[in-house]
Amino acid sequence: MAGGITLLCAVLLTGCASAIAVNVPRAQALPSCIAPAPDADLLLGVALSGGGSRAATFGGASLEALGRIRMPAGDSVLQHVAYISSVSGGSVAASYYGANKPPRETPVLTPSGEYTEEYRAFFTKYREKVSQNFEGPLIARQLATFRWINSALAARSLNEVMKEHLLGDVTLGDLGARQMRGDIPAILFNGSFYNTGRRFVLTATSPDIVRYDLFADLRRSAVSRGATVEFPALSQRMWEGLTPLTPLDLHIDPCPIGVSTAVTASASFPPLVGPITFRVEGDDSYWHVGDGGLYENAGVETLFAAFLKKLQEGKAKRALIFSFDSSYPFSVGERLLARRAQPFSILTYDFSRIPGIMEQRAYAYNHLFFRTLRTQGVIPSVDTFRVLFLHHVDAQWRGDLSDLPEVCRSTLKTPSAVTERLAEVPTRFRIVSECDRQLLAAAANKVVEQNRQEIEDFLAGKPSPERTAE
């Protein structure tokens, strides 16, 4: 009987076996692919949230919309974006952008403000690539290879699909080389360690990129008020636990790591996919990495720390983060659950609601914490450092819906119905309908245009009303 079970697992359910860890080389010194963290008087960064293909589609369209805004000197904002931080589905958009964006010598805009032919062709292909159906090939590969019972093997399948359909053999080292040439921003893929709970930033950028010294700014603020402050060891340990780690912190050489692996790690959400397990060459420790949005799905936290560090060191004078957030709205679950009469069952309940509740509380504490720091003068005012949140559900639609994509007009009759439709686009690695795909792209254009004046005012150094919610 035992032999029959073993044979059944071996022949039919290869997923009964354990997945093999990804072996990564040990970094003996600072690898040649490591690019310095960019500096500029005005630092610009983009955060692309998680949310499966919804986030990939919205994130890609958002970058395209952002590129049409000009700096005071007349060139495109895209030419000045120094960092992109991404989570899960947003990492799909960030990875293709980093691997395929035209080089720096290619003009983005024509003198009239339109995209050049090179960028028009790039964004046409970009839209197609990031919104493609990844779920179908993933499921097919799972079934064909009998991996479907093991979520770690599902991560291997997702890695293979991303490599085959989106990224090829591009490595983090390749992105580092492009960054050093000035072709692309620093790309930061966010994952989470199941070992320690800390954020893991897969990047070929300097390892100290997010080592912001909060306590130095707290002491400076206290001194400016004629006060003194001491911090117990517990506080310092708690802050250390919130500080992300990079591959070099674990003595991992990031240069040969495939970008498809980084995207998969950022997007792995057990028990469906992942986590991915890394093993450093010559080390007996194993690092288990999964979804980067477990408690902060916007990807802003990493950029927030990186930019505060630059401001603290005097290597930047002002900073702006564009947060393109297409996270599944927490309020949608509230509305749907209020209509649900049936008790929960393992087959009919979305258990992502559980980490969603924790994430919602983390957002609340995050907002209060950083708002208090601003009030106390610990971190700069919004005229110096601003986060502009651009949500897909914040797009404003005309009352007559004349701005609605044609493919959606037979089913959506009111602006509120459009917003509700956008809010309920599911978190999957496929866009189910063409209407949803076009709605997400249209929403990206709208939220950028709705905030154009605030963006242009900040870029020009003009004071603006405080509207952000860090």
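Predicted model: local features only at pLDDT ≥ 70, side-chain atom pairs only at ≥ 80, totals over all residues.
In soluble globular proteins, nonpolar side chains tend to be buried together.

Trp397 can be followed through its contacts. Leaving aside residues up to four places away in sequence, Trp397 touches Asp403, Leu404, Pro405, Pro415, Val418, Thr419, Leu422, Leu439, Ala442, Ala443 and Lys446.

### Strand E4

How many of the residues of E4 are buried? Eight of the eight are, so E4 is largely enclosed by the rest of the structure. In a regular strand the side chains alternate between the two faces of the sheet.

Which strands pair with E4? The table lists E3, E5 and E7.

| Strand paired with E4 | Residues | Sense | Bridges |
|---|---|---|---|
| E3 | 81-87 | parallel | five |
| E5 | 199-202 | antiparallel | four |
| E7 | 286-291 | antiparallel | three |

Single residue pairs can be picked out in each case. Ser85 has Leu188 of E4 as its bridge partner. Phe189 stands opposite Leu202 in E5, and Gly191 has Asp291 in E7 as its bridge partner. E4 and E5 also form a hairpin, with five residues between the two strands. In the turn of this hairpin, Gly197 has a positive phi of about 85°.

### The cavity

Rolling a probe the size of a water molecule over the atoms shows where empty space is left. The count comes to one cavity of 30 Å³ or more, and the largest cavity holds about 40 Å³ of space. Which residues line the largest cavity? They are Leu172, Leu175, Gly176, Gln179, Ile184, Pro185, Ala186, Ile187, Thr203, Ala204 and Thr205. Helix H7 (172-181) and strand E4 (186-193) each supply at least two residues of the lining, and H7 gives the most, with four residues. By class, the lining has seven nonpolar residues, four polar and no charged.

### The second largest pocket

The second largest pocket contains about 510 Å³ of space. Its lining has 24 residues, and Trp239, Leu242, Glu301, Phe369 and Phe370 lie nearest the centre of the pocket. Four helices each supply at least two residues of this lining: H8 (214-224), H9 (233-242), H11 (300-312) and H13 (353-375). Which helix gives the largest share of the lining? It is H13, with six residues. The lining of this pocket divides into 19 nonpolar, three polar and two charged residues.

Key:
Residues numbered from 1 in each chain as written. Heavy atoms only, no water. 1 Å grid on protein atoms, 1.4 Å probe; cavity = no way out; pocket = protein on both sides within 12 Å on 5 of 7 lines; lining within 4 Å. Points joined across faces, edges and corners; volume = space filled by probe spheres on them. Nonpolar A, V, L, I, M, F, W, Y, C, P; charged D, E, K, R; others polar. Contact = heavy atoms within 4.5 Å. Buried < 20%, exposed > 50% of the residue type's maximum accessible area, 1.4 Å probe, protein only. Pairing = 2+ DSSP bridges.
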